[in-house]
Amino acid sequence: MAIQKEKNKLIQKQERAASLNYGNRPGWKSKEASQKWIFILMATIPAFGGYLLFTLYPNLLSVYYALLDWDGIREPKFVGIQNFIVMFEDPFVWRALKNNVLYGVIVPPFVIVVSILLSYILVYKSYRMNAVYKVLFFFPNVLSVVAVALLWAFIYDGSFGILNAGLKLVGIDVGNYYWLGEKSTAMWAIIPPTVWWAVGFYFVIFMNAMVGIPKSLYEAAILEGASHRQRLVQITFPLLMPIIRVSAIFLMLSMFKGFENILILTNGGPSGSTNVIGLYMFNIAFGTGNHNYGYASAIGMFLFVILVLAKLLIDKLTAGRDAEY
Amino acid sequence: MSLKQGMRKTGFQFVLISLLIVGLLSACAGGNNTGGNGNAGSGQQENVNPESSSNSGADSSTGVYAENGLSKEEKVTLKLAFWENGGGREWIDHAIETFTAKFPNVTFDVTYSPTIETIIATKIAANNDSDMYDIFSTSIAGEGIHQSLAAAKKIEPQDDLWDRKTYDSDKTLREQQSGVYEGTGSIEGVMYSLPTTQSVTGLFFDKNLFEEKGWNQNPRTWSEFVELVDTIKADGLTPITYPGKYPAYLNFSFGLAQQYSIAEANGKLDEFNDVYRNYKHPYFTREETKQLYNHIYELGKKGAFPNGVAALTHTQSQMQLLQGQAAMASTGEWVQNEMKESTPNGFQWGFMLVPMTENPDDTKYHMSYTQGGHYIWAAKPELNKQWAKEFIVWLWNLDVQSLVAEKGGSLPVRNDFMNSPELVDKLQDAPKAVMEYMKNNQVKGASFSRDGVVSDINADRANTIVTEMLNDVALGRLDPAATLQEADDLLKKAIESVK
């Protein structure tokens, strides 16, 4: 018995030694391990290298640039936090930020609500033309922001725009009113093109998410006499909440970062009433005034902080509202 | 497969991957270390030493061009960034074609774009000498960028070219110029570009419409001008249109030139010139500035500018003129070429400047843009820079200048062209109207160029608030006084901060 025990111990010892001794491992195992590492490296290095080179490195550089007085041509001058001090005293920054907040608070809820409603209708109402509607709703998102902005600039044109013509048809004659040319309406006029463009994308996301919700939940609700509104609010919304949260974050970020449509529709005017922080930053770096990469980078840093705060705010507002099935 | 073989294979794969990564990184980090041979656009610039080029000329009398002493053998490719504006590209293509026919060792790699400034600005920011253009348009966005380029010695001075003879005459450029020398911008007294065309801005209109309505085509005093505006308004047209989306377009007719007119009338021309050129304070609350903006405000209250002007692009505002909704447009003589596809039959271009004073004999100023200028990148090989300069001189040839007039719709820069009735006849209607106005009035040109720059953020803020108020003032909604005071306070801060 004792001999058998000793034999077993010896065998175990040998096996352990064999497993630890890399050189003694069978060839196919070694090949498998190295192939695994090669595959991991090949799969990650291009993406990670690209991320390091084109995202992380420029972002870190812009942290450094934010501490410089530099126009991109002359020798940079280190100014410490001076750019940040100037920024907090800059009334144009706060005006732009106010416009961003308005834009960021109105557009995301609109886009999400309209996208969910359209998705709900197409998923749960079996129209014969469903496929056509899907393409139709998604179509604006296929267009570039520039094309969408130009299209809406024509819609809003005071002399030839279809908006004024349409209003006239229903008895509201606004004359040659230029919706983008008045401070009181310009910012509001920018919102519909943005919503129209973004709905196409989020509509597809929500529709696919809705298809994944088990039909049995709705069937049970119908049996208990739930209306469409109750099903939407009490089943669909809670189950979509994780996707709504992510969509809200993406939309909020793009509302703060993006400015292409505003650049084309109003160029920040009239009198700066549609200027947003991204456009202001862009003009400081590349506009018609003195170029100041340092100051623009400082605004970029500030924008980064705002975006992180916005993300945290959305997380907090939507926390604990998820449901699972 | 033995362990040894497996290891060898793995090692080979590792080396291969490492090479791939190194290749990727080095491709991305090419940057400033790329030598002359790495320059794709100037790949044949192996002999870039000026001594070598002069030596080759000394070795053989047939090895150099008699006109400029440059080698016939050394091949050069010039990378040119051309601003394809309302004047089109026909004239520059002709210049390149004739130049390369005359000097076959020189070839061009041209980038044309209506928004060339964005490409140039990006390349300047990248600061990669081999990737940069040899010759590039001076049309670059950014108020202080020209001064910064000069201060950093990134661009080559071109003063010496004024004393070069044109290729088709015995006269120098200085002798041949039609008054553009004075209007050519300089930085700290040095000229870094030479004009190849000139543009004049002001108010353009349809002569036929003015004749039909019996409107005054040449108001000589402010009162006469206001009367004209009232008459047009009473006839149901918008008197003046401009693209308010870019409010600075209004300055083409109500801007610095008008401030110069007021200054001269008040006997303060030199003083104003000094304040403007050298960024002195006060500027926005000077009489010349206040009077200019008060005049715009006065017109605004009369409804002289279109409602919703802030939404108009320059095409939309010019279409208002062509479609008879507005009587005059604030633009430059390039408008005819720019709008040639949309101009209705029977439209004949007319031109006027806005008189600012009540004395009909006072001098009227116009903004003179010496255009078509090109910078030469200073860090390029010497031979490239020499050929770049030769090409700039070539642009002054009479055949090129004729095309500038005929196809580009601009005013040429040579006086023998401007003094020849036969050649002047080649001008398009809009530039002809400008010349006719100049013949009938006491007119001088002014340019935007400044000797220095105040890079403080408050200087930008001052300009921004004045630009932003422009539409409101032009619509008669805002008295400019308070904003001008605010702008001057900001300018004062800016000037003090850089002292």
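Which strands of chain B does helix H15 (residues 382-394) lie across, and at about what angle does the helix run to E1(B)? In this predicted model, helix H15 of chain B lies across E1, E2, strand E3 (135-137) and E9 of chain B. Its direction makes an angle of about 50° with E1(B).

The four of them form an open sheet in chain B, with the order E2-E1-E3-E9 and mixed pairing. Strand E2 (106-113) and strand E9 (374-376) of chain B are the edge strands, each of which pairs on one side only. On average, and with direction ignored, neighbouring strands of the sheet are turned by 20° against each other. Strands of a sheet pair through backbone hydrogen bonds, either parallel or antiparallel. Strand E1 (residues 76-83) of chain B and E2(B) run parallel and are joined by eight bridges. Opposite B:Thr77 stands B:Thr107 in E2(B).

B:Thr221 sits in the loop between helix H8 (207-213) and helix H9 (222-234) of chain B. Is this residue, B:Thr221, buried or exposed? B:Thr221 counts as buried because its relative accessibility is 7%, under the 20% limit. With neighbours within four places in sequence left aside, B:Thr221 is in contact with B:Pro355, B:Thr357, B:Glu358, B:Asn359 and B:Pro360.

B:Thr483, by comparison, has its place in helix H21 (residues 481-497) of chain B. This residue, B:Thr483, has a relative accessibility of 12% and therefore also counts as buried. When neighbours within four places in sequence are again left aside, the contacts of B:Thr483 are B:Ile465, B:Met469 and B:Leu478.

Turning to chain A, the domain assignment gives domain 1 (2-65) and domain 2 (82-318). Taken over C-alpha atoms, the centres of domain 1 and domain 2 of chain A are separated by 46 Å. Four residues from domain 1 of chain A and four residues from domain 2 of chain A take part in the contact. Between them, the two domains of chain A bury about 290 Å², with 65% of this area on carbon and sulfur atoms. Which residues of domain 1 of chain A lose the most area to domain 2 of chain A? They are A:Ser62, A:Val63 and A:Tyr65, which together account for 98% of what that side buries.

Key: Residues are numbered from 1 along each chain as its sequence is written. Chains are lettered from A and ligands numbered from 1 in the order in which they are written. This is a predicted model: local features need pLDDT of at least 70, side-chain atom pairs count only at pLDDT 80 or more; totals for chains, interfaces and linings use all residues. Side-chain values use heavy atoms; hydrogens and water are left out. Two strands pair if DSSP finds at least two bridges between them. Helices (H or I, at least four residues) and strands (E, at least two) are DSSP runs, numbered from the N terminus. Axes are lines fitted to C-alpha atoms, for helices over the stretch in contact, and angles run from 0 to 180 degrees between N-to-C directions. Contact means heavy atoms within 4.5 Å. Buried means under 20% relative accessible area, exposed over 50%, partly exposed in between (1.4 Å probe, protein chains only). Domain bounds come from an automatic or database domain assignment. Buried area is the accessible area (1.4 Å probe) that two parts lose on being put together, summed over both.
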